Amino acid sequence: MSSEFNHPKNPIRIGSRGSQLALWQANHILYALRDAGYHVELEVIRTTGDRMQQPGFVAPPNLDGKGIFIKEIEEALEEGRIDLAVHSLKDLPTKLAPQFTLAAIPKRADARDVWVCEPYWSLNTLPLNGKIGTTSPRRRAQLLALRPDVEFVDIRGNIDTRLKKLEAGQCDALVLAAAGLDRLKRAEWVHHRFSPEELCPAPGQGALAIETRSTEHVIDEGRDAYIRQAVACFNHPETRFCVEAERVALDALGGGCSIPIGIHCVPEFEKWRMFAQVLAPDGEAMIQIDTAAPLDTTAECLGRWVADDLKSKGALELLNA
């Protein structure tokens with residue numbers, strides 16, 4: 001650790017959204033850095049995605065769905081107002097602008113989706129035409145593939161807000177990411193964790209990303225190198241391989257958060273195992289694969305192979321439809 005840069009008057013500045021979960025994620029990294037002896041501060045930045053959660057929000061005509069939770073944070077990072085950002089990896093576009101880099105991807109939490117419903121402890125026991133709260137096109141299509149009768153309610157806001165809306169009867173059940181509930185110690189609400197064969201998670205789900213300026217956009221060469229070195233210890237090689245393979249496959253399919261694609265990679269018995277689902281929005285058609293690759297396969301090769309396999313089975317036709 002360089003004493004030249006580790007100074008209380010010039011701390012490492014972490015940028016984060018102000019949501020409950022985003023603050024947990026940022027503070028998780030902040031406390032670990034402080035425990036390692038670094039001086040660190042947190043700066044909360046309001047994003048377009050945060051404003052979209054508010055009632056009455058009117059989207060601008062040129063709004064791009066990709067990166068709505070990171071645009072303002074990346075602007076602060078590029079300008080040097082913060083030194084690093086902590087994101088939910090699935091919020092990041094598959095290709096970063098050249099001025100940024102993913103300096104570390106920590107060990108992934110549970111990537112699965114979960115069923116939250118007190119009276120009915122599984123999707124199978126939900127009554128006919130039950131109402132499920134989710135805005136995710138992926139989850140909607142996957143749930144319709146399993147239960148074509150269910151209906152959906154747009155439930156927005158942070159996790160506690162959604163749980164309160166469930167309690168208030170605005171829907172019969174919620175489907176949420178396990179990682180968020182686990183991190184915020186709300187796991188008692190979880191009654192079923194869907195396997196990747198049932199609801200294949202979104203690429204990068206459950207993983208965090210620590211983003212810094214890249215070597216192509218240096219504000220202070222010595223300090224920027226010090227920042228990247230400080231966070232390098234968080235990088236988890238297995239998680240990084242898995243999420244990179246997932247993101248390569250998603251990019252090759254031209255996908256984002258607005259289309260029904262699930263891709264999930266895990267290490268298993270000295271091989272990489274990868275699940276993928278591409279669905280029609282109404283859930284009536286689905287292409288699903290479950291494949292394995294040897295450990296010496298690169299993430300790039302695995303991701304592209306999975307994408308090519310999906311394309312050969314008609315994935316692009318489903319997505320274009």
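Q: Buried means under 20% relative accessible area, exposed over 50%, and partly exposed in between (1.4 Å probe, protein chains only). Where does that put Arg 193: buried, exposed or partly exposed?

A: Arg 193 has a relative accessible area of 26%, so it's partly exposed. This is a predicted model, where local features need pLDDT of at least 70 and side-chain atom pairs count only at pLDDT 80 or more, while totals for chains, interfaces and linings use all residues. Residues are numbered from 1 along each chain as its sequence is written, and side-chain values use heavy atoms, with hydrogens and water left out.

Q: What makes Asp 182 and Arg 193 a salt bridge?

A: The rule wants a side-chain nitrogen of Lys or Arg within 4 Å of a carboxyl oxygen of Asp or Glu. Here the closest N and O atoms are 2.9 Å apart, and the pair qualifies. Asp 182 sits in helix α6 (residues 178–183) and Arg 193 in strand β9 (residues 192–193), 11 residues apart; helices (H or I, at least four residues) and strands (E, at least two) are DSSP runs, numbered from the N terminus. Asp 182, at 28%, is partly exposed too.

Q: How do you know whether Asp 224 is buried or exposed?

A: Its relative accessible area is 3%, so Asp 224 counts as buried. Its salt-bridge partner is Arg 213, with the closest N and O atoms 3.0 Å apart. The two link helix α7 (residues 221–231) to strand β10 (residues 208–213). Arg 213 comes out buried as well, again with 3%.

Q: Which residues join that pair in a network of salt bridges?

A: Arg 13, Asp 83 and Arg 223 are in one network with Arg 213 and Asp 224, joined by salt bridges that share partners. Across the model, the rule gives 25 salt bridges.

Q: What do Asp 290 and Arg 273 tie together?

A: Asp 290 is in strand β13 (residues 286–294) and Arg 273 in strand β12, so their pairing ties parts that are 17 residues apart in sequence. The closest N and O atoms are 2.5 Å apart. Asp 290 is partly exposed, at 42%.

Q: Why is α8 called oblique to α9?

A: Helix α8 (residues 237–252) and helix α9 (residues 299–312) have axes that come within 7 Å and cross at roughly 40 degrees. Under 35 degrees would be roughly parallel, over 145 roughly antiparallel and 65 to 115 roughly perpendicular, with the rest oblique. That makes α8 oblique to α9.

Terms used. Axes fitted to C-alpha atoms, helices over the stretch in contact; angles between N-to-C directions.
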